[in-house]
Amino acid sequence: YFVVKRPGFFIRFHPTSVSCTYWVDAEARAEDERTISALLLPDSTYVDVGANVGTLALAGAAATGPMGKVVAIEAHPRTTKFLKDNVRENGMCHVTVVCAAVGDKEGSVVIENRRADDMNQVSITGNGAKIPMRTLDDILAGVGGVRLLKIDVEGFEKFVLAGAPRTLARTEFVFIEIIASTAAHFGYDVADVMQMLRTAGFECYRLA
């Protein structure tokens, strides 16, 4: 099979949008990789919500080293399979993979099944695959201090934060993607997320 090599890890060329992006341009997400690597410390804990096929989870795993801890959470079952493949084939035994949507309560939701897998959202129409939804506080109940929490969930960011008050209290850095159009899709504004983070004690900066 074909692979794309990155500093400290590689990814398989699976039939996914992210894999194709890396195949065309291996530096496509290099800035995100560098940001994560710069914030993490050896032996620290990194949580990746919306891990997709694992590119940034593996970058984080390389940065923390084998004595660190990485929790990679991906909602779509098919994408999770590719994520597990990449984790296993890189020998990253300190990465735990969780297949679930992350939200403000325990239950279930429907995830879209788009051809562009990196654009899949929690469905508001009910079209897609039914999957479990868990809170971040529940998933990380046995995890201690978190050095870095990365969130990229196509508009569901507000609900991830709403279900994570205990996690945020023991987290040093949050690296979050927020797009006005995807936030509006779920009925809120970017400013709502900024206020949630400030209320939790964080200072907010835009990555330039």
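I count two strands as paired if DSSP finds at least two bridges between them. Helices (H or I, at least four residues) and strands (E, at least two) are DSSP runs, numbered from the N terminus.

I am working on a predicted model, where local features need pLDDT of at least 70, side-chain atom pairs count only at pLDDT 80 or more, and totals for chains, interfaces and linings use all residues. Residues are numbered from 1 along each chain as its sequence is written, and side-chain values use heavy atoms, with hydrogens and water left out.

Entry 1: I looked up an open sheet of 3 strands. Its order is β6-β8-β7, with mixed pairing. β6 and β7 (107-111) are the edge strands, each pairing on one side only. β7 and β8 (residues 129-134) run antiparallel and are joined by 5 bridges. I checked valine 110: its bridge partner in β8 is lysine 130.

**Entry 2: largest pocket.** A pocket here is an open set of points on a 1 Å grid over the protein atoms alone, where a 1.4 Å probe fits, with protein on both sides within 12 Å along at least five of seven lines; lining residues have an atom within 4 Å of a point. Grid points are joined across faces, edges and corners, and a volume is the space filled by probe spheres set on the points. I read a volume of about 820 Å³ for the largest pocket. Its lining has 24 residues, with Val174, Phe175, Ile176, Tyr205 and Leu207 nearest the centre. β10 gives the largest share of this lining, 5 residues. α2 (30-39), β9 (146-151), β10 (171-176) and α9 (190-199) each supply at least two. By class I find 15 nonpolar, 1 polar and 8 charged residues in the lining of the largest pocket. For these classes, Ala, Val, Leu, Ile, Met, Phe, Trp, Tyr, Cys and Pro count as nonpolar, Asp, Glu, Lys and Arg as charged, and the others, Gly among them, as polar.

**Entry 3: second largest pocket.** This one has a volume of about 520 Å³. I find 34 lining residues; Gly50, Asp118, Asp152, Val153 and Glu154 lie nearest its centre. Elements giving two or more residues include α1 (17-24), β3 (45-49) and α3 (55-64). α1 gives the most, with 3 residues. The lining divides into 17 nonpolar, 8 polar and 9 charged residues.

**Entry 4: Asp152.** Is aspartate 152 buried or exposed? It is buried, with a relative accessible area of 16%; buried means under 20% (1.4 Å probe, protein chains only). Its C-alpha atom is 6.3 Å from that of valine 49, 103 residues apart along the chain. Contact means heavy atoms within 4.5 Å. Beyond four places in sequence, aspartate 152 contacts Arg29, Val49, Gly50, Glu157 and Glu177.

**Entry 5: cores.** A nonpolar core is a set of buried Ala, Val, Leu, Ile, Met, Phe, Trp, Tyr and Cys residues joined through side-chain atoms within 4.5 Å. The largest has 37 residues; Leu149 and Val49 are among those with the most contacts inside it. Not counting residues up to four places away in sequence, leucine 149 touches residues including Val47, Leu136 and Phe173. A second, separate core of 25 residues includes Ile11, Ala51, Ala57 and Leu83.

**Entry 6: α3.** I find 9 of the 10 residues of α3 buried. Ala57 is one of them. Just after α3, glycine 65 takes a positive phi of about 80 degrees.

How values were computed:
Buried means under 20% relative accessible area, exposed over 50%, partly exposed in between (1.4 Å probe, protein chains only).
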